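Notebook open, viewer open. I'm jotting down what I look up as I go.

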Amino acid sequence: MKPKLRVGTLALRAFSVAVAAMCIAWGVAPGVGIASATIAAILAVVIGQLLGRTRLRLPVLLLLAVLLGIGGFWIAGLLTNYEGPPRALGTGAAMRLAMVLRFGAASFAVVAALRAVATRRPFALILELSAIAGSIAYVFAAHRDGIISRPLWLSDWAWERGIDPVHVFLVLGGAAVVVLGLLLIAEAEERRGSAAAVLALFAVLGVVLVVLIGPPKVDVDDQLGLTGPSDSASASASAAPGPPPAPPTSANPDGGKEDGGPKPQNEQPDGGPKPKNDKPDGGDEQPQNNQPDGGGEQPQKPDGGGESQNDKPDGGQSDGGQSDGGGKDDGGDGGGTPPPQPASEDLENEREESQQSPSPMAIVLLESDYSPPSEVYYFRQEAWSQWNGTKLVRTSRADVDLDGLDLFPSENTPVAEPIDIADREKVSAKVALLVDHTRPFALESPIAMKPLRNPNPQRFVRAYTFESHAQKVKYKDLRGRKVGNPKWSPEVAAYYLQTSSDPRFAELAKQIVSRMNPKGKDDPFLQAVAVKLHLDDNFKYSRKEKHNADDPTADFLFGNKIGYCVHFAHAAVLLWRSLGLPSRVGTGYAIEEKNRQGGSAMMIRGADAHAWPELYIEGVGWVVLDITPHENLDENPPPVDEDLQRLLGEMARELPPDPAQTEPPKERPDLKKWLRPIVMFLLSSIASLIGLLYLAKIWRRAAPLFAGPNELPRVAYRTSLDLLSEAGLVRDRGETREAFAKRVSDRVPTFETLTAMHLSGRLGTQPAPGEPGFAENLGERTREAWAAKLLVLRTELLKTPAWRRFLGFLNPLSFLRSR
């Protein structure tokens, strides 16, 4: 017998499918395509339902749907691939008609096939509902990872009215769940009441969880230990290891920019340009060779003086290895510096590589038109300078690395030892953090920081402002300058020169310098540039390479020469220190200047996390001389979302006055504070109710084991009704026990016997010879007889689909349908 065709259910399903089709076509089609897909979906629901009720075989129905889809695309191709239709209809009309056919045929074929299958095979309903849910979620998928500007049409509408788009999406998601739940309830023939109760229960639980936990938060992929609670013990520990972040464009010693900065050449792993490296000493031009990966031009010799046999600073050896007397790479895995991590952890325990996160971490609003010589803004959060014998970590000394703050400021807080030098430019900026960070970051060398009131507590977690002295001297003007700070004590000067005891580091550094042009061989800055260019030319970038060795940096330098930014930064610092150049590793975020998009706002993403080497130049301070390997083995992360950057910038600009100059606002009542007890009471009440229902269900199932002879026929028969209810067999209202037993006898014939035993025991009726229950007449009050029949009933119910029996077993309300 075919189920009734309910018009209300069909209309609800048509509406749901139409919304799903509209969501799919919204981002890929103009209005005519969206309308075509929507109308075709509505028609497909009706026609698919009718076809599913015919006698045509299901494979035939599916084949018809496929042929219809192919036919629509074929006709659309005729309209656009030949000259006749555009001449007869007009080019615009032919294109629109082709679009109508393509989107309409695709929508109709898919929806009709799903509806026909679901009509014939009720279990396939889950496929149809999953397709609807996935289509609706598709249009909002771009909102994940904190991308609150997507989709633009809905996000702009919400922000214009002062509504957080997250709340709108939660409401839409809840509405979609209700509609899908109604569709499921509509399919239930005899259990709509309990299905609606279960749906309402889950709806209440969902609302409660949202109130308790709040809207979904950005999933932060912390790769350098930059994020986390600022007051935790980890705030003072060295960064934990993690998947390597992509290196941005590095500071190069010169370039094609008017101020001496680099000129973009090819894309880096984070989507930024790779700068061109010219000769910092202004020597004769050298021929350049294209890189095998097609990216950028090969940097020239840092010494730059006259012609040479080799373009590379180390004499052109492509392997970059240090010889043991023969000049070849020994492939060893000797001493070196692994990426920083807590002393209690090993690099072998480093977690698996993951893709760079596009999630926004913070928004920075520059208050000046500062342009860095390297075309990259380096926001330093930590400095790793202390050599502990195996790696560089945050210092434990109180007299070094005093050009930053370890805690977020609660008032205007100056840096202990700011770099106040004439060759730097004073830059101010506001920072609004979207996720917690262990400590504040600032542009290069901060002077002071102070807190700001949060411009939007629903979106940002903290706001502050900083003043920094940023580098303005051109890289080519750093030639001939000394390194180090004359104010340092001998102990501090020696501290910044501590390096690996592995002799291969010093040997490789000397080899690189020996290949330099004699004109610049004794210049400390040009020596540092030569090391940088050696790493640029001979090493490859990949976040997948972890170097799980005793000394990962040595394994990186003298092994396969593939690594990520932490490996490159450590290698540069250890080689520089081997040459007597004071240096350290900086960690934080690196943002390319082009990402400002003509404004002051810069969005910092998880993909911008970076580690870079810093060199101390006398009279200038710590200078970033980043490494930019020419060959990148990884995919580029997605580009910056300009709309999101603009939106967050506008939100962050609405900063109220400085809290030091205004009266603190009156504390508003905390909604969560007084809602939490109510919610907890509701949760505990719901949990208690569910527990009581399960206890009642268990007791009804176990009652025949304890019932007396007079109650046994009643409670045992009730147990059989509960078993049937879990399998979806329920007595209709007004239906007699005997009629119900006869109706289900084809599936559970033993139930007729149980019914006869129940009536005999409760009403005293005697079955006639040959009728069900006659042989058991004398034993209707025997526990063994009832137990044997119930066991047979359970065996017969095993023919019921397992999923139905499982859902019935989990349903705490199933026994309420027993009659």
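Predicted model: local features only at pLDDT ≥ 70, side-chain atom pairs only at ≥ 80, totals over all residues.

**Ser428.** I started with Ser428, which counts as buried because its relative accessibility is 17%; buried is under 20% relative accessible area, exposed is over 50%, and partly exposed is in between (1.4 Å probe, protein chains only). Ser428 sits in strand β8. Helices here are DSSP runs of H or I with at least four residues, strands are runs of E with at least two, and both are numbered from the N terminus. Leaving aside neighbours within four places in sequence, I find Ser428 in contact with Leu365, Leu366, Glu367, Ser368, Phe466 and Glu467; contact means heavy atoms within 4.5 Å.

**Ground rules.** Residues are numbered from 1 along each chain as its sequence is written, and side-chain values use heavy atoms, with hydrogens and water left out.

**Confidence.** pLDDT is the predictor's confidence in each residue, from 0 to 100. The chain averages 74, and 67% of the residues score at least 70.

**Whole chain.** I get 21 helices and 18 strands. Of the 819 residues, 51% count as buried. Among contacts with a separation of 6 or more, 74% are between residues 24 or more positions apart.

**Aromatic pairs.** How many aromatic pairs does a search of the whole structure find? It finds 20. Rings of Phe, Tyr and Trp (its six-membered ring) pair if their centres lie within 6.5 Å; planes under 30 degrees apart count as stacked, over 60 as edge-to-face and the rest as tilted. Phe441 and Tyr589 have ring centres 5.5 Å apart and planes at 70°, so I log them as edge-to-face. Phe441 is in the loop between β8 (424-433) and β9 (442-443) and Tyr589 is in strand β14 (residues 583-592), so this pair ties together parts 148 residues apart in sequence. Both Phe441 and Tyr589 are buried. Next I looked at Tyr616 and Trp622, with centres 5.0 Å apart and planes at 90°, so that pair is edge-to-face too. Tyr616 and Trp622 are both buried.

One aromatic cluster is made of Phe379, Phe408, Phe441, Tyr464, Phe466 and Tyr589. Arg462 lies over the face of Phe408, at 4.0 Å from the ring centre. The test for a charge over a ring is NZ of Lys or CZ of Arg within 6 Å of the ring centre and within 35 degrees of the ring normal.

**Cores.** A nonpolar core is a set of buried Ala, Val, Leu, Ile, Met, Phe, Trp, Tyr and Cys residues joined through side-chain atoms within 4.5 Å. Which residues of the largest core touch the most other members? Of its 46 residues, they are Leu478, Phe525, Leu535, Leu557 and Trp576. Elements giving two or more residues to this core are α11 (503-514), α12 (524-538), α13 (552-558), α14 (565-578) and β16 (609-617). The largest share, 10 residues, comes from α14. Skipping neighbours within four places in sequence, I see Leu557 in contact with Phe505, Leu508, Leu535, Phe539, Ala571 and Leu575. A second, separate core has 28 residues, including Phe379, Leu443, Tyr589 and Ala609.

**Positive phi.** Most residues other than glycine have a negative phi, so I checked the exceptions. Glu375 is not a glycine, yet has a positive phi of about 65°. Glu375 is in the loop between β3 (360-366) and β4 (376-384), and counts as buried because its relative accessibility is 15%. Asp401 also has a positive phi, near 55°. Asp401 sits in the loop between β6 (392-393) and β7 (413-414), and at 18% relative accessibility Asp401 counts as buried.
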